[in-house]
Amino acid sequence: MSQHAEEFTHHLVPTPGGRIHLVEQGSGPLVLLVHGFPESWYSWRHQLPVLAAAGYRAVALDVRGYGRSSKPTATEAYRMLDLVEDNVSVVRALGEESAVVIGHDWGATIAANSALLRPEVFRAVGLLSVPYTPRGGPRPSDLFQQMGGDEEFYVSYFQQAGRAEAEIEPEVRGWLAGFYAALSADTMAAPGAPDPHFASRGGTLRERFPAGRLPAWLGERDLDFYAGEFERSGMTGALNRYRNMDRDWEDLASFDGAPLPQPSLFIGGSQDASTTWLADAIKAYPVTLPGLVSSHILDGCGHWIQQERPAEVNRLLTEWLAALPA
């Protein structure tokens, strides 16, 4: 684990869905860090000490369904509205009135919706890897089913209860290693190779993962930590986020096309499919993120942006935070 792990404070706070596990460091204005799939608070290990040193109360959480946080049984307990309320409950439990929220991957979408739904709590929003895309368009499951053609898009694959669990849980560590490598700039497949975001009909995602080499950002001890979290918790809570996308689309109908007016930041990687596929969303930022302070694409960086390029991400985050209104 990180050399700074001994400086972190771990605790559990109550939320409507149970309890959320937090890891915090530092004092000052609250900065809430929200991870994506398949990660944990640990994905922010490089940011926590830097934000603390810069004068912030940096708090990374385990999203509902992950790590030491509660894992409700019902699939519908993982809808976006519930995750937003978890974030609000965390801010209140920490004795704060407001926070800056920063998210990566699914955490970026959770952060964006937290700012959208509860602007009185979340005064600024930082998005890593996944651009802000306002609610709209066709039902998500219909869209994803059309994307694969002769193959199956990974989101559709994950939406089927139990299917991805059957692939991942018999050998969690190896699957995570392959998934992380598949989306890391230094270990991803060469252009033209079968895309690991898709599976052959009746096949598995793992068949397309690179094997035999970890990305530079992922040490054996880091992989052990991630694997240990999912071996203990199982994968269902994490995967249930994908299984609520149609519910979210229905729940958020009144926010169709809604912009995020708060001061915002975007950081993406040039080698990340989340950035390239959603290039039109980035181009739309003058309309969808009217409070955008800065937007950055890190050349040669993959999906795990704050772990692949911690120094650059830390600099961009601290500069943005320092420029925010008090």
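Predicted model: local features only at pLDDT ≥ 70, side-chain atom pairs only at ≥ 80, totals over all residues.

Helices (H or I, at least four residues) and strands (E, at least two) are DSSP runs, numbered from the N terminus. Residues are numbered from 1 along each chain as its sequence is written, and side-chain values use heavy atoms, with hydrogens and water left out.

**Distant residues**

- Ser 200 counts as partly exposed, at 29% relative accessibility. Buried means under 20% relative accessible area, exposed over 50%, and partly exposed in between (1.4 Å probe, protein chains only).
- Between the C-alpha atoms of Ser 200 and Asp 150 there are 7.4 Å, although the two are 50 residues apart along the chain.
- Ala 322 belongs to helix H15 (residues 310-323) and, at 60% relative accessibility, counts as exposed.

**Helix H2**

- Helix H2 (residues 80-93) has 14 residues and should span 20 Å at 1.5 Å a residue; its end C-alpha atoms are 20 Å apart, which agrees. The expected span is 1.5 Å times one less than the number of residues.
- Among the buried residues of H2 are Met 80, Leu 83, Val 84, Asp 86 and Asn 87.
- Gly 95, which follows H2, has a positive phi, near 80°.

**Aromatic rings**

- There are 29 aromatic pairs in the structure. Rings of Phe, Tyr and Trp (its six-membered ring) pair if their centres lie within 6.5 Å; planes under 30 degrees apart count as stacked, over 60 as edge-to-face and the rest as tilted.
- One of the pairs is Phe 8 with Trp 41, edge-to-face, at 5.6 Å centre to centre and 85° between the planes. Phe 8 lies in the segment before strand S1 (9-15) and Trp 41 in the loop between strand S3 (30-34) and helix H1 (48-53), 33 residues apart. Both Phe 8 and Trp 41 are buried.
- Tyr 154 and Tyr 242 also pair edge-to-face, at 6.1 Å centre to centre and 75° between the planes. Tyr 154 is in helix H5 (residues 154-159) and Tyr 242 in the loop between helix H9 (236-239) and helix H10 (245-251), so the pair ties together parts 88 residues apart in sequence.
- Tyr 242 is buried, with a relative accessible area of 4%.

**Cavities**

- The structure has two cavities of 30 Å³ or more. A cavity is a set of points, on a 1 Å grid over the protein atoms alone, where a 1.4 Å probe fits but cannot get out; lining residues have an atom within 4 Å of a point.
- The largest cavity has a volume of about 70 Å³, the space filled by probe spheres set on the points.
- Of the 13 residues lining the largest cavity, Val 63, Tyr 66, Leu 83, Ile 110 and Arg 241 lie nearest its centre.
- Helix H3 (106-117) and H9 each supply at least two residues of the lining of the largest cavity.
- The second largest cavity has a volume of about 50 Å³, and H2 gives the largest share of its lining, four residues.
- Residues lining the second largest cavity include Ile 20, Val 34, Leu 61, Val 63 and Leu 83.

Conventions: 1 Å grid on protein atoms, 1.4 Å probe; cavity = no way out; pocket = protein on both sides within 12 Å on 5 of 7 lines; lining within 4 Å.
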